[in-house]
Amino acid sequence: MYSIKTIGVLTSGGDAPGMNAALRAVTRAAISQGIAVKAIYRGYKGLITDEIVDFQTQNVSNIIQHGGTIIKTARCEEFKTPEGRATAYERIKDHNIDALVVLGGDGTFTGAKVFAQEYNFPVVGVPCTIDNDLYGTDSTIGYDTALNTVIECVDKIRDTASSHERLFFVEVMGRDAGFLALNAAIASGAEAAVIPEVSIKDDMLAEVIQNGFRKTKNSSIVLVAESKETGGANGVAQRVKAEYPQYDVRVVILGHIQRGGSPTAVDRILASRMGAAAIDALLEEQRNLMIGVVNDKIVYVPFTKAIKDDKPIDLKLLQVLRQLSI
Ligand code: ADP
């Protein structure tokens, strides 16, 4: 049995639209249940360097609609060392923090798991990443917004692609997971997607492109997930260009645009539900788990599963993409 009077909340790792909405939800759900909130600036880094501030309900006013995170995020190598985590634990004791709520992705939860085990300390995670690559939740906060950003960009690229009869390779984020590339390809009417889950041979890709150009189309768009293996959009474009030098090939790397912007309604609602659920979980004496949503219901996923297990992608979606891009 342990009682929680004060929680610390931080945002860590890669930022995602909806982190502010989640921070607001965690803060207000806690305060509404009589729990004090301390915001820890700059993730684990701020925990070590003591950037810890009392938060009231008004500290999270007027942020639900903003991308990014008002308490900043950072990467922190020191937290990967036992000495760094020992300092973090000292700070936690100094501030009388009884539990942590961490908003982030894979790396953030790996750190949380190690820390929670080392100090037998309650930690709950709220999944925020545009990659949607965490096992145990249908979606992560930020994914829907990023998807909408990508399709908005691809719609614009389509205008110029068709005017000039060009072949565009558009690179999106998702080093280990093709959710963004594949679903954005479907939603934007792209011709193909190159994703890490499937090793698409160049000739298959080229075949799709050939078909597209030979039949009714005068332009093609292929979404490519960033990848060391394929070389991302540049790598794929080079190989296709070598085989089909006649095509006017262009590459667009969307980059950090995908991380920004006002969160969609879907992400705001997800962030609000998950943030509130993190406080419920702590009050139910749950710990060392990530909040997930499966079939529209809140679930608790142990950190070990969320981090280690690969989230499967439905490969039927590739089939749909192929069928609809003829
Ligand atoms: P994300 O949460 O978006 O996946 P990162 O992979 O950058 O982002 O991780 C965020 C932070 O989590 C790291 O900077 C580090 O402080 C902490 N972290 C990641 N892996 C570990 C680990 N193995 N042990 C301790 N802390 C870790």
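1. Around the ligand there is a shell of 15 residues, and the closest are G14, R75, C76, G107 and T108. A residue belongs here if one of its heavy atoms lies within 4 Å of the molecule. By type, the shell divides into 3 nonpolar, 8 polar and 4 charged residues, where Ala, Val, Leu, Ile, Met, Phe, Trp, Tyr, Cys and Pro count as nonpolar, Asp, Glu, Lys and Arg as charged, and the others, Gly among them, as polar.

2. A word on the source: this is a predicted model, in which local features need pLDDT of at least 70 and side-chain atom pairs pLDDT 80 or more, while totals for chains, interfaces and linings use all residues. Residues are numbered from 1 along each chain as its sequence is written, and side-chain values use heavy atoms, without hydrogens and water.

3. Now for the polar contacts (pairs of N or O atoms within 3.5 Å). An oxygen atom of the ligand lies 2.5 Å from an N or O atom in the T108 side chain. Polar backbone atoms also take part: one of G14 is 2.9 Å from a ligand oxygen, and one of D106 is 3.4 Å from a ligand oxygen. The protein covers 79% of the 550 Å² of accessible area that the ligand has on its own (Shrake-Rupley method, 1.4 Å probe).

4. Which helix gives the most to the shell around the ligand? That is helix α4, residues 106-119, with 5 residues; helices are DSSP runs (H or I) of at least four residues, numbered from the N terminus.

5. Lastly, have a look at V320, in helix α11 (residues 316-324). V320 counts as partly exposed because its relative accessibility is 31%, between the limits for buried (under 20%) and exposed (over 50%), with a 1.4 Å probe and protein chains only.

Key: Polar contact = N/O pair within 3.5 Å; in protein donor to acceptor, adjacent residues only side chain to side chain. Helix = DSSP H or I, 4+ residues; strand = E, 2+ residues; numbered from the N terminus.
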